[in-house]
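Please open the model in your viewer and keep the selection panel at hand.

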Amino acid sequence: MILYQDVSLVYPNGVHALTDVNLSVARAEFLFLVGSTGQGKSSLLRCVYREIRPTSGDVMVDEQLLSRLPHSKVPALRRKVGVVFQDFKLLNQKTVWENVAYALQVTGASSRDVMRRVPRILELVGIAHKSKMFPQELSGGEQQRTAIARALVNNPLILLCDEPTGNLDPETSSEIMALLARINAKGTTVVVATHNQAIVDRMRRRVVRLINGRIAHDEERGRYHVGLG
Amino acid sequence: MLDWGRVKFFWGEVAQNFTRNVTMTLTAIGTVAVSIVVLGAFLFAREAFDNVMRSVVGQVVVAAYLKDGVPLPRIAAIVTELRADPRIDSVRYVSKSQALSDLRHRLRGQVDLGLINQNPLPNAVIVHTRDPAEVPGVADGLRERPEIEVVNYHSTTFQKMVRMEAVLSIIGLGIVALLLAATALIIYNTIRLTIFARQREINIMQLVGATRWTIRWPFVLEGTLSGVIGAGVGLCALWIAYRAVEPKIVVNLPFLPLNLTSVPVGHLAFELLITGAIVGMLASLISVSRVLQAA
């Protein structure tokens, strides 16, 4: 589903974010990207939805080479790849419903489609009862559920989560991860970049550790501290 | 084909932004309104001033004084020929007795014309052209007629007035151009700031898969609407000011041939409304495109 081939990334300020990364993520796989801050986790994710382009190497998403993807096709790529951020990135002027509906409306979905799919997805993430509220009226966990609903409403093949529990308490974090596991069970590929050791250790999924922009370890059913010696 | 679902979505976004970003919306509308008031007031004043200049220059007539002894049927034939000239608006024959009577009337109480026992004034034809620029040509034509003794239209004064009208018109046009550029820049900067304040929002729209035009359209429509509403508010303020000031100008400056009712107010209002709409639309389009490019 996602393939990194010799991917290196150097930012304009000279920082080497990624170096010769080779990684393959299968369809419907659940993968944790771990590593301390500044090791390249977010950069690796940002290459998938073409927010940044590697300096060398290539990224393939759903058998599509991103280096050959014209700029006009990037929105279509982003509808296949749902993204959840640590700071939620919700539109503050829109309600929960409108935030989720917006991701659908920009694809040209009909009003009937919006009316049918938005309640379902809000129900799935457990935020339907707050659909008329604005993001600033919600708790961190509720905002993250809204962000997940928005990422899922277009039935993406891949769900990328960049520190999804970074701003949440342990209980809410567990709920969010349980939700991501349910989504993965329905066939969506889920990649989670995280610092949250407890969650990684409890879920025992594939763990990839990045150190200085290189893949240091890659282990099925791994733990947070695998490969640290 | 027009996709009504998309149109509804775009206008829904515009309505949402108008009602939920009230401060920014009011800032944009207010700026457009104030700019349009300044521009509109100047355009109105320029139009009124041009009218004054046109009216002053338009009062110039050509007086052709006939030689003594030209028979009346010949004079009638000359008047008929002149009336057939497309450059000429009106022709009036003033007989020497009529001229003396007019002079007596004008100088009544100042000079005693009873001492004159002979009428020294000639018969005359007074010609008024359709366009003041035709005055010299018509005067030259009259001079070539053998029946005409002297042709007078105060040519030096007339040419100075025409030159002054042209110079003032060019200066006015220059000021309009500068004012228009300043208005456009002020509106553009305000709308640019309101859009830059929503940069984060635009980035999120891109992240969820919105195409550039899906993001642009609501902003462009919003900018156009702000421009039209702002211009409308500005025009209302101008209309109220005009109604309040116009009677006072007429009473206090009676010596000026200001014919304010002849200013094409409707036409000016339409131009200002279109200016507001176009500047609002372009300002939004350029600003949102810049944010999208930077993303």
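**Chain A as a whole**

Bear in mind from the start that this is a predicted model. Select chain A and colour it by secondary structure, which brings out 7 helices and 10 strands. The radius of gyration of this chain is 17 Å, close to the 17 Å that the globule rule gives for 229 residues, so chain A is as compact as a globular protein of that length. If you draw a box around its C-alpha atoms along the principal axes, the dimensions come to roughly 50 × 40 × 35 Å. Of the 229 residues, 44% count as buried, and among the contacts in chain A with a separation of 6 or more, 65% are accounted for by residues 24 or more positions apart.

**A loop residue in chain A**

Next, select A:T37, which sits in the loop that runs between β3 (30-34) and α1 (41-48) of chain A. Is A:T37 buried or exposed? It counts as exposed, because it has 8 C-beta neighbours inside 10 Å.

**A helix pair in chain A**

Select helix α5 (residues 140-152) and helix α6 (residues 170-185) of chain A, whose axes come within 10 Å and cross at roughly 15°. An angle under 35 degrees counts as roughly parallel, and that makes α5(A) roughly parallel to α6(A). The crossing of these two helices is right-handed. To see where they meet, show A:G140, A:G141, A:Q144, A:I148 and A:L152 on α5(A), together with A:T172, A:E175, A:I176, A:L179 and A:I183 on α6(A). The residues of this contact divide into 5 nonpolar, 4 polar and 1 charged.

**Where chain A touches chain B**

Display both chains and select the residues in contact between them, which number 17 from chain A and 14 from chain B. On the chain A side, α2 (74-80) and α3 (96-105) each supply at least two residues. That side of chain A comprises 6 nonpolar, 7 polar and 4 charged residues.

**Two helix pairs in chain B**

Moving to chain B, select helix α2 (residues 22-58) and helix α8 (residues 212-252), whose axes come within 7 Å and cross at roughly 50°. That angle makes α2(B) oblique to α8(B), and the crossing is right-handed. Residues of α2(B) in the contact include B:T25, B:A28, B:V32, B:I36 and B:G40, while those of α8(B) include B:S226, B:G230, B:V233, B:G234 and B:L238. What is the make-up of this contact of α2(B) with α8(B), in nonpolar, polar and charged residues? There are 13 nonpolar and 7 polar residues, and no charged ones.

For the last stop, select helix α6 (residues 155-196) and helix α9 (residues 265-294) of chain B, which pack at an angle of about 40° with their axes 9 Å apart. These helices are therefore oblique to each other, and α6(B) passes α9(B) in a right-handed crossing. Among the contact residues of α6(B) are B:A184, B:Y188, B:I191 and B:R192, and among those of α9(B) are B:V279, B:G280, B:A283 and B:S287. The residues of this contact divide into 10 nonpolar, 3 polar and 1 charged.

Definitions and conventions:
Residues are numbered from 1 along each chain as its sequence is written. Chains are lettered from A and ligands numbered from 1 in the order in which they are written. This is a predicted model: local features need pLDDT of at least 70, side-chain atom pairs count only at pLDDT 80 or more; totals for chains, interfaces and linings use all residues. Axes are lines fitted to C-alpha atoms, for helices over the stretch in contact, and angles run from 0 to 180 degrees between N-to-C directions. Helices (H or I, at least four residues) and strands (E, at least two) are DSSP runs, numbered from the N terminus. Angles under 35 degrees count as roughly parallel, over 145 as roughly antiparallel, 65 to 115 as roughly perpendicular and the rest as oblique. A crossing is left-handed if the near helix is turned anticlockwise from the far one by less than a right angle, and right-handed if clockwise. Two residues are in contact if their C-beta atoms, placed from the backbone, lie within 7 Å. Ala, Val, Leu, Ile, Met, Phe, Trp, Tyr, Cys and Pro count as nonpolar, Asp, Glu, Lys and Arg as charged, and the others, Gly among them, as polar. The radius of gyration is taken over C-alpha atoms; the globule rule is 2.2 Å times the number of residues to the power 0.38. A residue is buried if 20 or more other C-beta atoms lie within 10 Å of its own, exposed if 12 or fewer, and partly exposed in between; C-beta atoms are placed from the backbone.
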